[in-house]
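Trainee: I have not looked at this structure before. Could we go through it one piece at a time?

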Amino acid sequence: MSELVAALPMYDWPEVRDEVDAQWARLRDAFRKKGIDAPQFIVRRNGDLPPVPGGIRDAEGKLVAPDPATLPPDEFDFHRLWLHPALLFAQTCWGPMELGLSRHVQVIGQPSYDAYEGGQGELYSSALVMRTGEGPEVRSPADGSPLLPLDLIRGKRFTFNSLDSMSGFLGLARDLDAMGESLDIFASRSESGGHRASIVAIAEGRADVAAIDCKSWALAQRFEPAAKKVAVVGWTGRRKGLPYITAAATPEKTVGALREALAGLAEQPRIQRVG
């Protein structure tokens, strides 16, 4: 039994658990063909993470996170997952990476977003959504440039998934800054805890505007009833999508094998539709 950890948490909605498990099975089998002891299943809760007595420490021995065994077992702290020394494979976001996570992990690849409006190869953008009827619906610009309806969103209530999210917060802030504006364009800001929760908040009238990454928006259109009351009124500019990472301590030979396996899967059409 592998002592390593893998997870695909970023798009792991309850309705697509079977699809995510199938995605991991393809990845796992490709990794094993390269001689990597990939775990049979992905983890989905703190209780699934191996204990780290004394807490998680960086390369210099500094404590950077508590022992996962001390966390609520049925919750899932993504930051503890990403920092876990046994991490073989996971997704993260460039927001946390820029805010310090990159010191503790290695990037091993990028998924394709070709299957989703707003995506192109490894690049993705976020749909700017409001309640249906509050603004004209727009399609994603072919060149991937930002399309932000400033007059429409000015003075509205903005909700976002988390402060370190590139798709839901940081990317929009940077696009506004490039236009000579800022998040102060909004009357208020509130943290929803997730893209899906942001969509629900808008549909229920508790917020007015949110930036939802293009894959999460596609999932919402499939599975979230509140999405029927929400429409796309703009788009952020395209940026690199969620990277695949492994622990900083993962051996160089294993990192190379992981990258080779991902490259091989990228040549198969069906792997282009996940991630």
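Mentor: Keep in mind that this is a predicted model. We can begin with helix H1, which covers residues 17-33.

Trainee: What distance does helix H1 reach from its first C-alpha to its last?
Mentor: Helix H1 has 17 residues. At 1.5 Å a residue, the expected reach is 24 Å. The reach in the model is close to that, at 24 Å.

Trainee: What does helix H5 span between its end C-alpha atoms?
Mentor: Helix H5 runs over residues 166-178, which is 13 residues. A straight helix of that length would span 18 Å at 1.5 Å a residue.

Trainee: Is Arg28 buried or exposed?
Mentor: Arg28 belongs to helix H1. Leaving out residues up to four places away in sequence, Arg28 touches Ala38, Pro39 and Gln40. The relative accessible area of Arg28 is 12%, and the cut-off is under 20%, so Arg28 is buried.

Trainee: Which residue just after H1 takes a positive phi?
Mentor: Helix H1 covers residues 17-33. Just after H1, a phi of about 85° is found at Gly35.

Trainee: Which residues does Ile36 touch, beyond those up to four places away in sequence?
Mentor: Ile36 lies in the loop between H1 and strand S2 (56-57). With a relative accessible area of 8%, Ile36 is buried. Its C-alpha is separated by 15 Å from that of Ala249, which is 213 residues apart from Ile36 along the chain. The residues that Ile36 touches are Phe31, Leu88, Thr254, Ala257 and Leu258.

Trainee: With which residues is Glu15 in contact, its neighbours within four places left aside?
Mentor: Glu15 sits in the loop between S1 and H1. At 35% relative accessibility, Glu15 is partly exposed. Glu15 and Arg222 are 207 residues apart in sequence, yet their C-alpha atoms are 9.3 Å apart. The contacts of Glu15 are Arg196 and Phe223.

Trainee: How is Ile245 placed, buried or exposed?
Mentor: Ile245 is part of strand S13. Apart from its neighbours within four places in sequence, Ile245 is in contact with residues including Trp82, Leu87, Leu88, Phe89, Met97, Leu101 and Val105. Its relative accessibility is 0%, and the cut-off is under 20%, so Ile245 is buried.

Trainee: How far apart in space are Ile245 and Glu181?
Mentor: In sequence, Ile245 and Glu181 are 64 residues apart. From C-alpha to C-alpha, the distance in space is 33 Å.

Trainee: Now the whole protein. What radius of gyration does it have?
Mentor: The C-alpha atoms fill a box of roughly 55 × 40 × 35 Å along the principal axes. A compact globule with 275 residues would have a radius of gyration near 19 Å. The protein agrees with this, at 19 Å.

Trainee: What share of its residues count as buried?
Mentor: The protein exposes about 12,700 Å², with carbon and sulfur atoms supplying 51% of that area. Of the 275 residues, the share that count as buried is 53%.

Trainee: How many helices and strands are there?
Mentor: The elements discussed above are part of a longer list. For the protein, the secondary structure comes to 8 helices and 13 strands.

How values were computed
Residues are numbered from 1 along each chain as its sequence is written. This is a predicted model: local features need pLDDT of at least 70, side-chain atom pairs count only at pLDDT 80 or more; totals for chains, interfaces and linings use all residues. Side-chain values use heavy atoms; hydrogens and water are left out. Helices (H or I, at least four residues) and strands (E, at least two) are DSSP runs, numbered from the N terminus. The radius of gyration is taken over C-alpha atoms; the globule rule is 2.2 Å times the number of residues to the power 0.38. Buried means under 20% relative accessible area, exposed over 50%, partly exposed in between (1.4 Å probe, protein chains only). Accessible areas come from the Shrake-Rupley method with a 1.4 Å probe; for residues, only the protein chains shown count as cover. The expected span of a helix is 1.5 Å times one less than its number of residues. Contact means heavy atoms within 4.5 Å.
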